[in-house]
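Hello,

I am handing over the structure we talked about.

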Amino acid sequence: MASGNQTTVYVSEQVVVLLSCALSLAGSSLIIVTHVAWSDLRTTPRKLLLYLSVADLLSAVSYSYGALRAFGADSADCVAQGGLSTFANTSSFFWTVAVAAYLYVCIVRSDHALADSLVPFFHIVSWGIPFAITVTALCLDKIGYDASEVSVGWCWVRIQAPDHILWMLLTGKIWEILAYFILPVLYILIKRHIHRAHAALSEYRPILASRSSSQSFSTMADRKLTLIPIIFITLRIWSTVRFLLLLAGSPARQNPVLVTLHGIGNTFQGAANCIMFVLFTEPIRARLSSVFCCCCCSKPQAGATHSSDPSHKPLLGWGNPAQGEAGQIDDS
């Protein structure tokens, strides 16, 4: 299975990781395409999701190349792939927390202006910090072949570096672990606030004003608020487990099942976001179904465009700033 401090990556593991990367590429691309295609989706929460999808797409591209190559030694493309994945993966952590922070300020603090004023700060932090860390690591020759000890074929922190543990923390693990704590806290606070203010939910989620079945949307929002941190932790925990096993010097980090789960968890985030915020969002799903039906039908019926059907609007107020955006967690 492994020789010395090198973890063997089997072909079956490569195939699984590449499939996960392909799904993540497709999911992230679908989020980006829907954002570009439909102008009424370009609200602040959806824009934050767009930036997160860009980071996840870059991660999927870099990981797919690394898994396909299954690096066995240092090389120029190993360093390039490791640098790109380090930047994109770390940026994804920051944008995931930024989405939660934005929703917290909008819903719990009820301060939409403050939430919007944080967006430039989110850009500086979520792009700037990963970029600075990655450039520093590259300049100090810390990125390179890691013997798949905490990866699945791709390159990351050079395993031969004497301070590789420190750089594994700086280039990903410390931010990943912090996200494990920050995300559940923020979403629990949001859920508690919504439950306590259930009688006034229409103020926070304008969709309730335009739907008779408001309780079903409240339930959907509650499920999403629960699932977002759970899905993030479920996907990412395997990477953290392997890192902790590396610290402990345990050969269990080379277990094929754990390696496969790590590969899926690190590469599936874009697909998971697409499932949550596109495929499980009824108004957007309805639009996609309409587009698909129009493409399949040889004689499209007149007036069948989504813009003429109010039921296809993702949310009341998405195109109207006066309505506010805090309630868009139902369909965002």
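Here is what was found, topic by topic.

This is a predicted model, in which local features need pLDDT of at least 70, side-chain atom pairs count only at pLDDT 80 or more, and totals for chains, interfaces and linings use all residues. Residues are numbered from 1 along each chain as its sequence is written, and side-chain values use heavy atoms, with hydrogens and water left out.

Core

The largest nonpolar core has 36 residues. A nonpolar core here is a set of buried Ala, Val, Leu, Ile, Met, Phe, Trp, Tyr and Cys residues joined through side-chain atoms within 4.5 Å. Buried means under 20% relative accessible area, exposed means over 50%, and partly exposed is in between (1.4 Å probe, protein chains only). The residues with the most contacts inside this core are Tyr-102, Phe-122, Leu-183, Tyr-187 and Ile-190. Helices α2, α3, α5 (119–139), α6, α8 (214–248) and α10 (269–279) each supply at least two of its residues. Helix α3 gives the most, with twelve residues. Helices (H or I, at least four residues) and strands (E, at least two) are DSSP runs, numbered from the N terminus. In soluble globular proteins, nonpolar side chains tend to be buried together.

Aromatic pairs

There are ten aromatic pairs. Rings of Phe, Tyr and Trp (its six-membered ring) pair if their centres lie within 6.5 Å; planes under 30 degrees apart are stacked, over 60 edge-to-face, and the rest tilted. Tyr-51 and Trp-95 make a tilted pair, at 5.1 Å centre to centre and 45 degrees between the planes. Tyr-51 is in helix α2 (residues 44–69) and Trp-95 in helix α3 (residues 76–107), so this pair links distant parts of the chain, 44 residues apart. Trp-95 is buried, at 0% relative accessible area. Tyr-51 is partly exposed, at 22%. Ring pairs also link Tyr-51, Phe-87, Trp-95, Trp-127 and Phe-131 into a cluster.

Salt bridges

The count is seven salt bridges. Each is a side-chain nitrogen of Lys or Arg within 4 Å of a carboxyl oxygen of Asp or Glu. Side chains of opposite charge can pair when their charged atoms come close.

Which parts does the pair of Arg-287 and Asp-40 tie together? Arg-287 lies in helix α11 (residues 282–296) and Asp-40 in the loop between α1 (11–37) and α2, so the pair ties together parts that are 247 residues apart in sequence. Their closest N and O atoms are 2.4 Å apart. Arg-287 is buried, at 3% relative accessible area. Asp-40 is partly exposed, at 22%. Arg-287 also lies over the face of Trp-38, at 5.0 Å from the ring centre. For that call, NZ of Lys or CZ of Arg must be within 6 Å of the ring centre and within 35 degrees of the ring normal.

Arg-158 and Asp-141 meet in another salt bridge (2.6 Å, N to O). Arg-158 is buried, at 13% relative accessible area. Asp-141 is partly exposed, at 47%. Salt bridges that share partners join Asp-74, Asp-141 and Arg-158 into one network.

Arg-69 and Asp-77 form a salt bridge too (2.9 Å, N to O). Arg-69 is partly exposed, at 38% relative accessibility, and Asp-77 is partly exposed, at 22%.

Best wishes
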